[in-house]
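Please read them with the structure open.

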Amino acid sequence: MARFPLALGTQSNKGANPMQGVARLVNCRIEIGGDEQRVKFSAEAVAGLTLLASLGGVGGVRAMIDVDGVGYAVVGRVVYQFEPGGAFRAIGGMPSDGLVTMSRNARGAGPEVMIVCDGNAKRITGGALVDITDPDIGSPNSVCTVGNHFVTSSPDGYLRASEINEGSSWDALDITQAQSDPDGLLRAVSRGNSVIALGQRSTEVWDYSGAATGFPFERTNAFRVGCWSAAGVVSAPVITRELVTDTIAWAATDRDGAYAGVIMLDGYVARKISHHDVDRDMVRCDDPSTITA
């Protein structure tokens, strides 16, 4: 793809009114050449996409995951499996329309995928979608995987862990409660060897301990930054000339539950990465639960 010297802006910060901002960059990205280059910045075209498959279902794609080259997607209330060549089939359904989260383990006989939505928990195993019937799973609202344990969050503030590489087995003792603030939990997200537990006004970091009995994680940090939208959380790999790391970003709240900006977790520091234009759009949103990362 041809590159051309940059004669416009290097970002798309619109400002409070159109005359204040710089030009938007559409279908291209900025590449920094460095001080030793004749052209310090260039704009490079972004590759397009080709159609793989057209899945049925009303409500759009709610979640997708890749498992060793095989894809799974929740489209509307239908769960699909699709192959690299585009062939697909429906394998089951989800009974509600809330936030869907999906995660996988590394089971030797074939990885499992766990799907959580509105207190419903299912797993995909052997190409079939089945209910998780163990009552010790509770009523989860999200799932992630760390140490090949499925870890769920729930609105009452509890974290639960499955057996290693076994999504159908949950022990009543493999449970803990996020207690830094009585704000419940909206999401549990993995970051490296840790589970990041996000509430409405606080966040806790639970590192994998590998304990043979009880909850196999221990709390190592907590801070008064919460989550504005359960769907507004995303894994965010950071790749620069100096750094390659994996972290998470989300629309955050302060200790009173008010919107505080879009942040990225840098170690245990919540660094704000949104500018005023993004923040204005966020606070104008009538229903924060519709904000999706």
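1. Basis. This is a predicted model, in which local features need pLDDT of at least 70, side-chain atom pairs count only at pLDDT 80 or more, and totals for chains, interfaces and linings use all residues. Residues are numbered from 1 along each chain as its sequence is written, and side-chain values use heavy atoms, with hydrogens and water left out.

2. Strand S9. Five of the five residues of strand S9 (residues 113-117) are buried, so the strand is largely enclosed by the rest of the structure. Buried means under 20% relative accessible area, with exposed over 50% and partly exposed in between (1.4 Å probe, protein chains only). Strands (E, at least two residues) and helices (H or I, at least four) are DSSP runs, numbered from the N terminus. Val113, Ile115 and Cys117 point one way from S9, Met114 and Val116 point the other way, and all are buried.

3. Partners of S9. Two strands pair if DSSP finds at least two bridges between them. Strand S8 (residues 100-104) runs antiparallel to S9 and is joined to it by five bridges; the bridge partner of Met102 in S9 is Ile115. On S9 and strand S10 (residues 120-125), five bridges again join antiparallel strands, and Val113 has Ile124 as its bridge partner in S10. The hairpin of S9 and S10 has two residues between the strands, and Asp118 takes a positive phi near 55° there.

4. Nonpolar core. A nonpolar core is a set of buried Ala, Val, Leu, Ile, Met, Phe, Trp, Tyr and Cys residues joined through side-chain atoms within 4.5 Å. The largest one has 15 residues, and those with the most contacts inside it are Tyr72, Val79, Met102, Val113, Ile115 and Ile124. Strand S4 (61-67), strand S5 (70-75), S8 and S9 each supply at least two residues of this core. Which residues does Ile115 touch, not counting residues up to four places away in sequence? Among them are Val74, Val79, Met94, Met102, Ile124 and Leu129, where contact means heavy atoms within 4.5 Å.

5. Largest pocket. On a 1 Å grid over the protein atoms alone, a pocket is an open set of points with protein on both sides within 12 Å along at least five of seven lines, a cavity is a set where a 1.4 Å probe fits but cannot get out, and lining residues have an atom within 4 Å of a point. The largest pocket has a volume of about 660 Å³. It is lined by 26 residues, and the closest to its centre are Val100, Thr101, Met102, Arg187 and Val233. The lining divides into 14 nonpolar, seven polar and five charged residues.

6. Cavity. The structure holds one cavity of 30 Å³ or more. About 40 Å³ of space lies in the largest cavity, and its lining includes Asp181, Asp183, Leu198 and Glu204. Strand S17 (194-198) and strand S18 (203-208) are the elements that give two or more residues to this lining.

7. Val238. This residue lies in strand S21 and counts as buried because its relative accessibility is 19%. Leaving aside neighbours within four places in sequence, Val238 is in contact with Leu243, Val244, Thr245, Thr247 and Met264.

8. Helix H1. In helix H1 (residues 276-283), the buried residues are Asp277, Asp279 and Met282. What covers them includes strand S22 (244-253), strand S23 (259-266) and strand S24 (269-272).

How values were computed:
Points joined across faces, edges and corners; volume = space filled by probe spheres on them. Nonpolar A, V, L, I, M, F, W, Y, C, P; charged D, E, K, R; others polar.
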